[in-house]
Amino acid sequence: MVLKQIIFLGSLIITNIAMAQNPEMAFIENGVYTPLYGRDSVQIKVDDFMLDIYPVTNEKYVDFVVKNPKWRKSEVKSIFADNHYLAKWKDDTHLDSEAQKYEPVTNISWFAAKAYCKCQGKRLPTLDEWEYAAMADKTLPDARKKESYNQYILGWYERPKVVHQQVGSTFKNFWGVYDLHGLVWEWTADFNSVMITSESRSGGQNNNLFCSAAAVGATDLMNYAAFMRYAFRSSVKGNYSINNLGFRCAQDIIK
Amino acid sequence: MISYFTSRFYLKMCILVCLPAILLSSCINDQSSKTYEDAVDIPVNQEIAAELTSPPFVPRAVGKRKAKKLIVDMEIQERKGQMTDGVSYMYWTFNGTVPGSFIRTRVGDEIEFHLKNHPQNQLPHNIDLHAVNGPGGGAVSSLVAPGHETVFSFKVLNPGLYVYHCATAPVGMHIANGMYGLILVEPDGGLERVDKEFYVMQGDFYTKGDYGDPGLQPFDMKKAIEEDADYVVFNGHVGAMVGDNALQVNVGETIRLFVGNAGPNLVSSFHIIGEIMDKVYVEGGTLVNENVQTTLIPAGGAAIIELKINAPGEYLMVDHSIFRAFNKGALAQIEAKGEKNERVYKGKIQEGIYEPEGGAIQEMPISYKEVEASKPPEELTKEQRIGLGKNIYSNTCFACHQPEGQGIPGVFPPLAKADYLNADVNRAINIIMRGKSGEITVNGKNYNSVMSAQSIGNRDIANVLTYIYNSWENNGTEVTEEMVKKVREKK
């Protein structure tokens with residue numbers, strides 16, 4: 001009981017302090033970007049926000065379920081997580097191996113990811129925030145036109161059965177954030193707000209999506225990489241728990 | 001069973017109470033043979049699991065069976081496979097093969113499609129079957145995330161041979177990686193019975209490295225957009241139906257080929273070297289063309305081809321956009337066994353040289369001495385021989401043995417680093433001079449093919465062999481006219 005209260009108070013305090021100094025998070029400066037689903041004239045403004053430097057690890061998620069029994073795999077309601085939830089753990093609160101500790105937690109549902117972030121006084125990043133932060137490579141905030149950047153991403157998307165690596169094993173991007181590409185897929189708060197219908201070639205309201213893919217030019221590879229992320233997001237539901245899908249949290253800057 | 005008993009019942013009743021004339025008119029009224037104007041109205045009476053086969057095989061014909069509810073179970077697997085010797089590729093597949101399993105149905109069948117995406121897969125997938133009348137050909141209902149299964153259902157209405165493929169964004173990439181196959185819808189009563197049926201599907205592949213560059217080759221999106229294919233193959237990889245895997249038939253058998261073309265980009269000029277296709281169901285539909293040499297199969301289309309092979313031997317199926325066949329892999333073999341039929345094909349009767357000036361075909365001179373003696377003698381250095389030999393190679397040899405002497409696996413043996421070549425120079429001279437057929441082993445692999453005698457003179461043979469022996473890590477032998485002459489005179 002006491003412990004719970006402390007956590008509760010703690011989280012209250014956290015939400016009320018601007019977390020610009022949090023060593024586990026990186027500051028992402030506001031800006032505008034043209035999303036995949038927009039025409040050139042459509043620009044999305046992204047405000048300043050904080051983003052976890054690493055995806056959430058198994059070790060951290062163990063702490064979470066120890067304190068929140070309803071998110072253990074034996075307890076969780078199937079509408080919140082399907083039966084692949086935490087499939088690779090030994091049991092409710094133990095990992096299969098020591099090495100798993102530092103790997104990103106996967107087989108995690110959107111509901112569980114959301115609850116975890118909330119408990120830390122954070123939230124899931126929005127789709128726009130995630131895409132905005134993920135445009136960066138090591139040196140540029142928007143590297144989407146660089147062929148090497150796109151080849152790297154496409155190369156990873158193509159490789160199945162990737163043995164999970166530890167967090168931090170890919171590159172650190174312009175904002176100081178690791179592993180946005182090349183480790184695991186990540187949940188976003190509004191993952192299904194842009195639906196590529198499963199019929200990805202259809203016209204109608206998805207016309208823009210399709211046309212941008214059909215255009216020939218320098219942006220093609222970039223679109224292809226983004227398309228695969230959107231397709232992936234469209235294929236999932238909130239309770240899906242998938243082997244290569246993890247998450248990280250974000251936070252507002254309170255002025 | 002029910003209709004059987006009912007008709008028996010009526011039969012008995014008729015015999016008892018009716019006149020024979022009435023019997024004829026009213027009692028041969030079998031429910032089962034009822035025809036339907038609209039395929040939508042065909043009832044299904046039973047549920048069965050569909051037989052699925054991997055290429056080049058096809059499931060049993062539907063024959064006279066009634067329309068049924070067919071359960072089709074397919075698993076999507078992303079897996080590494082061999083593109084050609086020493087080159088591997090990460091294929092995305094329906095049921096683990098490229099092309100995916102063959103689905104065989106009849107008009108009126110109701111298909112319940114279970115599409116499963118393996119939990120270890122990286123990506124979501126779906127399926128668009130061209131045999132479906134409905135939005136996206138099923139693609140709308142079938143997007144499935146890794147570790148999940150989706151079930152959708154449709155009724156097949158139009159007879160024909162149809163392509164199916166993945167239609168998840170980016171569509172081209174999913175097709176380019178191998179996500180396609182064929183679904184056959186047979187008409188009521190089935191296709192005519194034949195002796196052998198096979199499943200062949202062409203596809204083009206785009207890799208980071210060029211044709212034959214070793215190692216695991218990733219997909220190259222840029223080349224795909226530019227339609228610059230590195231591999232054009234039948235059934236997923238180079239040599240899928242060559243050598244031991246050639247399609248086996250007997251002379252005189254009726255053969256039906258279900259041939260699809262997945263693209264993603266290229267249109268196929270499908271041709272069988274040495275055979276004329278008796279019947280082609282054009283584009284897999286109802287129109288039948290007869291006596292066809294080459295049939296065009298569009299990307300995302302198919303054709304049903306029927307033929308009978310009349311003479312024993314090897315027949316090559318190729319894309320007659322011919323550089324694809326000999327340089328990119330679009331080549332497969334049919335091996336026909338049986339008795340020679342000289343009324344159809346006699347083989348080589350006579351060989352002569354053709355001299356336009358003389359107007360008559362003359363016999364080869366028995367002695368080459370005269371011919372050679374008539375040329376001015378000239379001593380060449382090894383370097384000169386290599387230079388001249390290179391030209392001869394690129395005019396005469398490279399179509400089969402390939403620019404780098406690498407050959408074509410299973411069909412044309414390599415010359416590069418070739419043990420068979422380096423072991424015996426006189427044998428090599430003899431093969432160029434007199435040709436070679438039958439089985440040989442080169443670098444541990446068997447080849448059973450034919451090389452025709454090359455009508456080039458002693459000097460040219462010496463030069464081209466010197467070039468070959470001094471290229472591609474061969475043993476550096478210099479071949480002289482004198483050596484060639486000796487071989488020539490031996491016989």
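Which residue takes a positive phi in the hairpin of strand 17 of chain B and strand 18 of chain B?

**Before selecting anything**

This is a predicted model, in which local features need pLDDT of at least 70 and side-chain atom pairs count only at pLDDT 80 or more, while totals for chains, interfaces and linings use all residues. Residues are numbered from 1 along each chain as its sequence is written, and chains are lettered from A and ligands numbered from 1 in the order in which they are written.

**First stop: the whole of chain B**

Select chain B, which holds eleven helices and 26 strands; helices (H or I, at least four residues) and strands (E, at least two) are DSSP runs, numbered from the N terminus. Of its 491 residues, 43% count as buried, meaning that 20 or more other C-beta atoms, placed from the backbone, lie within 10 Å of the residue's own. The average pLDDT of chain B, the predictor's confidence in each residue from 0 to 100, is 85, and 87% of the residues score at least 70. Colour residues 1–31 of chain B separately, for there pLDDT stays under 50 and the model has nine contacts beyond four places in sequence, a contact being two residues whose C-beta atoms, placed from the backbone, lie within 7 Å. Residues 358–363 of chain B also stay under 50, with six such contacts. Where pLDDT is low, the predicted coordinates should not be read in detail.

**Second stop: the five-stranded sheet**

Now show strands 14-22-21-16-19 of chain B, which in that order form an open sheet with mixed pairing, two strands being paired if DSSP finds at least two bridges between them. Strand 14 (247–250) and strand 19 (294–297) of chain B each have a single partner strand, so one side of each is left without a neighbour in the sheet. Within this sheet, strand 21 (residues 313–319) and strand 22 (residues 331–337) of chain B pair in the antiparallel sense over six bridges, and B:Gly313 has B:Ala336 of strand 22 as its bridge partner.

Next select strands 13-11-15-20-17-18 of chain B, the order in which six strands form another open sheet with mixed pairing. At its edges stand strand 13 (231–234) and strand 18 (288–292) of chain B, each with a single partner strand. Strand 17 (residues 277–281) of chain B pairs with strand 18 in the antiparallel sense over four bridges, and the bridge partner of B:Lys279 is B:Glu290. Between these two strands the hairpin has six residues, and B:Glu283 is the residue that takes a positive phi, near 55°.

**Last stop: two crossing helices**

Finally, show helix 9 (residues 425–434) and helix 11 (residues 481–490) of chain B, whose axes come within 10 Å and cross at roughly 65°. That angle makes helix 9 roughly perpendicular to helix 11 in chain B, a term that covers 65 to 115 degrees. To see the contact, pick B:Asn426, B:Ile429, B:Asn430 and B:Met433 of helix 9 together with B:Met483, B:Val484, B:Val487 and B:Arg488 of helix 11.

How values were computed. Buried ≥ 20, exposed ≤ 12 C-beta atoms within 10 Å, placed from the backbone. Axes fitted to C-alpha atoms, helices over the stretch in contact; angles between N-to-C directions. Parallel < 35°, antiparallel > 145°, perpendicular 65-115°, else oblique.
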